[in-house]
Each structure stands twice: as C-alpha cells, then as structure tokens.
Amino acid sequence: MCGPQRQACRPCVDADNASPAELGKSIGASTRTLSRLFRNELGMTFYEWRTQLRIYHALVLLAGGHDTIQTAYACGWANPSSFIAAFTNIIGTTPGRYRTSRQTTARASQLPTVVKSSE
C-alpha cells in the first residue's frame, strides 16, 4: 500500500481483535474497500493477515520462553487448541516444539568455544 492508504492502515497493527467493519470505521473506509486493499496489496484476506500477525507475536513470546497457553491468550486466541492448530499450519511445528528448539539453540550458543592449538 502506498501513500495515504498505508498511513490509513496504520491502525491495523493495533487492531488485533477488531473486525474488518470496526477497523474500516476507525480509518474511514468501508469493509469492502478494506477487503479489496488487503487482497490487492497483501495477497491475503484481513483474517489471514491478522493470523500471521498474531503468529509473529507468538514466535517472539515463545522464543522468550513463554508457555503455549500463556502465548495463545496473549496473542488473541480464544483457546490454546485453535492457537496450536493455526501455529502448526503456518510454522510447520507445534508451539511447544518451537519453544524447545529455540531454548536448545540458545543454550548451545552460550557454550564456550573450544579452540584446539595448532601444535
């Protein structure tokens, strides 16, 4: 989106739980206009975009060590099972496995590096 359209959609970032009608009203656009903008500019629906935004926030929380249930509610899901399904569909692994792999990687990067002498 360019120019005024991009600026008008700035509230989208904070619109985690808003419907397209509520969001449209807040930026002065009809639901149909907003729907067309999302499809034309982003290649996805408003709901697909919002799910991806929520998953992005979930990745940050999980990498920080938050558990799945806490992350699900913090990112706007009504229940953990729908969060797990959406996360797995987009990321390809469960939130628990993702968090565990991030923690394992972080621990491994904190290990001292052993350098062998060239003698």
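Me: Which residues does W77 touch, leaving out those up to four places away in sequence?
Reply: In this predicted model, W77 touches T51, R54, I55, A72, S82, F83 and A86.

Me: Where does W77 lie, in a helix or in a loop?
Reply: In a loop, the one between α5 and α6.

Me: OK, and does W77 count as buried or exposed?
Reply: Buried. The cut-off for that is under 20% relative accessible area, and W77 comes in at 10%, so it counts as buried.

Me: You listed R54 as a contact. Where does the charged end of R54 sit?
Reply: Over the ring of W77, 5.7 Å from its centre. Along the chain the two are 23 residues apart, and the C-alpha atoms of W77 and R54 are separated by 8.7 Å.

Me: What about A86, what does that one touch?
Reply: Setting aside residues up to four places away in sequence, A86 touches T51, I55 and W77.

Me: Which residues make up the largest nonpolar core?
Reply: There are 10: I55, A58, L62, A72, C75, W77, F83, A86, F87 and Y98.

Me: New topic: T68. Which helix is it in?
Reply: T68 lies in α5, which covers residues 68–74.

Me: Is T68 buried or exposed, and what does it touch?
Reply: T68 has a relative accessible area of 14%, so it's buried. Not counting residues up to four places away in sequence, T68 touches L62, F83, I84, P95, G96 and R99.

Me: Let's do α3. How many residues does it have, and how far does it reach?
Reply: Helix α3, residues 31–42, has 12 residues. From its first C-alpha to its last it reaches 16 Å, close to the 16 Å expected at 1.5 Å a residue.

Me: Which residues in α3 are buried?
Reply: L34, L37 and F38 are. Seen down the helix axis, the buried residues of α3 fall within an arc of 95°, so they line one face.

Me: And what's exposed on the other side of α3?
Reply: R32 and N40 are exposed there. Just after α3 comes G43, with a positive phi of about 75°.

Me: What about α2, which residues are buried there?
Reply: In α2, residues 20–27, the buried ones are P20, L23, G24 and I27. Their arc around the axis is only 100°, which puts them on the same side of α2. K25 and S26 are exposed on the other side.

Me: Last one, the whole protein. How many helices and strands are there?
Reply: Seven helices and zero strands. Buried residues make up 29% of the 119 residues. Among contacts between residues at least 6 apart in sequence, 49% join residues at least 24 apart.

Notes
Residues are numbered from 1 along each chain as its sequence is written. This is a predicted model: local features need pLDDT of at least 70, side-chain atom pairs count only at pLDDT 80 or more; totals for chains, interfaces and linings use all residues. Side-chain values use heavy atoms; hydrogens and water are left out. A charge sits over a ring if NZ of Lys or CZ of Arg is within 6 Å of the ring centre and within 35 degrees of the ring normal. A nonpolar core is a set of buried Ala, Val, Leu, Ile, Met, Phe, Trp, Tyr and Cys residues joined through side-chain atoms within 4.5 Å. Buried means under 20% relative accessible area, exposed over 50%, partly exposed in between (1.4 Å probe, protein chains only). Contact means heavy atoms within 4.5 Å. Helices (H or I, at least four residues) and strands (E, at least two) are DSSP runs, numbered from the N terminus. The expected span of a helix is 1.5 Å times one less than its number of residues. The arc is that of the directions from the helix axis to the C-beta atoms.
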